[in-house]
Amino acid sequence: MSKQRILIKYGGNAMINPQLQQEIAAQIFKLQEAGFEVIMVHGGGPFINKALEKAAIKSQFVDGLRVTEAIAFAEIQKALIGEVNADLISTLNQNKLKAIGLSGKDAGMVQAVKYQHKSADGSIVDLGLVGEITQIDDSLINLLCEAGYVPVVACVADGVDGTSYNINADTFAGKLAAAVNADQLIVLTDVDGLFLNYPDPASIIRELNESAVNEHMGTTIQGGMIPKIQSCMLALQEGVKKAIILNGTKPEQIAKYVIDNEKIGTTLTLQ
Ligand SMILES: Nc1ncnc2c1ncn2[C@@H]1O[C@H](COP(=O)(O)OP(=O)(O)O)[C@@H](O)[C@H]1O
Ligand SMILES: CC(=O)N[C@@H](CCC(=O)OP(=O)(O)O)C(=O)O
C-alpha cells in the first residue's frame with residue numbers, strides 16, 4: 001500500500017521564531033517515522049512586509065490578497081525564495097530531515113495566469129501580478145517523496161509567457177494538495193482555528209461544513225482566514241480527504257491531530 005500523504009501549509013505568522021521552526025521539523029520527522037510522506041508549502045507574510053517596508057513600497061490587501069506591482073514582486077520573490085525558503089531548508093535539514101527547497105517555477109511544476117479578482121459587489125479588481133494556478137505537474141513531487149525528501153515549496157509560479165506571479169500561500173497549498181493527491185491538508189497559522197467571535201479563543205468553531213462556510217463568509221471569515229478556508233474547501237472538493245486549520249505556534253498540535261486523533265483546530269468538511 002502506498003504511504004499516506006500530508007501537505008502542510010506553514011504560514012508566515014507561525015514562522016517568526018526560529019525555535020518554532022525547529023519544533024515543526026521535529027513534528028515532520030515524527031510524521032515520517034509514523035509512515036507519512038510530508039510536503040510543505042510556505043508563506044512569509046511578515047517577512048514580505050518587512051522587505052517591502054525596507055524598499056519603501058506600500059502594502060495593500062484586498063480580501064486577504066496582496067496587491068502586487070512589478071517592483072513589489074521582485075522584493076516578494078527575494079523574501080520568499082532567497083530568505084524564507086532558504087532559511088527554512090537549513091533549519092529542517094539540521095533537524096534530521098532531507099528537505100529540498102523549491103518554488104512553483106521548478107521544472108515548470110506549477111503554471112499560473114493573472115488572477116481576475118471579483119470583489120463582493122461583482123466588480124473586477126486589478127491585483128497586479130497576483131496569479132491563479134491553471135496547471136500542476138505532480139511528477140517532481142512524487143519523485144522526491146518516494147525518495148524520502150520533504151519538498152518545501154515557495155508560492156510563486158510562472159505563466160506560459162514567462163511572467164512570474166505571486167500566489168497566496170493558502171491557495172497554492174490547497175491546489176497543490178489536490179494535485180499531488182494528498183490525503184490531508186494541514187494549514188498552520190498563529191491562532192487555534194477559526195473563532196466565531198475573533199479574538200476570543202473560547203469561541204473556536206471545531207467543525208465547519210460548506211453551508212456554514214457560506215453563512216460565515218465575509219463576517220466571521222475575514223482577512224487572512226478567507227484564503228485558508230477557501231483553499232481547504234477546494235482541496236476537499238478535489239479529493240483531499242481531510243482539511244484542518246491548526247496553530248503552528250503550538251507545533252505539538254501536528255502529531256496530536258495526525259497521530260493521536262485529538263479534537264483540536266478547525267476541521268473543514270463538505271457536508
Ligand atoms: N474569525 C477569526 N478567527 C481567527 N483568526 C482570524 C479571524 N478573523 C481574522 N483572523 C486573523 O487571521 C489571521 C491568520 O491569517 P494570516 O494573517 O493570513 O496568517 P498566516 O501568515 O498564517 O497565513 C489570525 O492571526 C487572525 O488575526
Ligand atoms: C497574493 C498574496 O497575497 N501573496 C502572499 C504570499 C505569501 C503568503 O501567502 O504568506 P502567508 O501564508 O504568511 O500569509 C503575500 O504576498 O503575502
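**Figure 1. The annotated binding-site residues in the predicted model.** The UniProt annotation "binding site", from an unreviewed entry, covers Gly44, Gly45, Arg66 and Asn166. These residues span 123 residues in sequence, yet no two of their C-alpha atoms are more than 12.0 Å apart, so they gather at one spot. UniProt positions are given in the numbering used here, feature names are shortened, and annotations may be inferred rather than shown by experiment. The structure is a predicted model, in which local features need pLDDT of at least 70 and side-chain atom pairs count only at pLDDT 80 or more, while totals for chains, interfaces and linings use all residues. Residues are numbered from 1 along each chain as its sequence is written, and chains are lettered from A and ligands numbered from 1 in the order in which they are written.

Figure 2. Gly45 is placed in helix H2; helices (H or I, at least four residues) and strands (E, at least two) are DSSP runs, numbered from the N terminus. Gly45 counts as buried, with 20 C-beta neighbours inside 10 Å. A residue is buried if 20 or more other C-beta atoms lie within 10 Å of its own, exposed if 12 or fewer, and partly exposed in between, with C-beta atoms placed from the backbone. Leaving aside neighbours within four places in sequence, Gly45 is in contact with Gly12 and Asn13, where contact requires that the C-beta atoms of two residues, placed from the backbone, lie within 7 Å. Asn166 belongs to strand E12 (residues 164–166) and is also buried, having 26 other C-beta atoms within 10 Å. With neighbours within four places in sequence again left aside, the contacts of Asn166 include Arg66, Thr68, Phe73 and Ile76.

Figure 3. Ligand 2 has 17 residues around it, of which Gly12, Gly43, Gly45, Arg66 and Ala169 come nearest. Helix H2 (45–54) and strand E4 (65–66) are the elements that give two or more residues to this shell. A residue is near a molecule or strand if its C-beta atom, placed from the backbone, lies within 6 Å of it. By class, the shell around ligand 2 holds seven nonpolar, nine polar and one charged residues. Ala, Val, Leu, Ile, Met, Phe, Trp, Tyr, Cys and Pro count as nonpolar, Asp, Glu, Lys and Arg as charged, and the others, Gly among them, as polar. Ligand 1 is surrounded by 17 residues, the closest being Gly11, Asn13, Thr189, Tyr198 and Gly224. The shell around ligand 1 divides into six nonpolar, 10 polar and one charged residues.

Figure 4. Eight strands form an open sheet of mixed pairing, in the order E5-E10-E2-E1-E13-E15-E16-E14. Strand E5 (99–103) and strand E14 (207–208) stand at the edges with a single partner strand each, so one side of each is left without a neighbour in the sheet. Two strands pair if DSSP finds at least two bridges between them. Helix H4 (residues 139–146) lies across E1, E2, E5 and E10 and runs at about 130 degrees to E2. Helix H5 packs on the sheet, touching E1, E2, E10 and E13, and its direction makes about 170 degrees with that of E1. Axes are lines fitted to C-alpha atoms, for helices over the stretch in contact, and angles run from 0 to 180 degrees between N-to-C directions.

**Figure 5. Helix H5 and its cover.** Helix H5 (residues 169–179) is mostly covered, with 11 of its 11 residues buried. The cover of these buried residues includes strand E9 (131–136), strand E13 (184–189) and helix H7 (225–237). After H5 comes Asn181, whose phi is positive, near 55 degrees.

**Figure 6. Strand E10 and its partners.** Five of the five residues of E10 are buried, so the strand is largely enclosed by the rest of the structure. Val150, Val152 and Ala154 point one way from E10, Pro151 and Val153 the other way. E10 pairs in the parallel sense with E2 over three bridges and with E5 over five bridges. Val153 in E10 stands opposite Val41 and opposite Leu102. Ala154 is buried, with 30 other C-beta atoms within 10 Å. The C-alpha atoms of Ala154 and Gly104 are separated by 6.7 Å, although the two residues are 50 residues apart along the chain. Leaving aside neighbours within four places in sequence, Ala154 is in contact with His42, Leu80, Ile81, Asn85 and Ser103.
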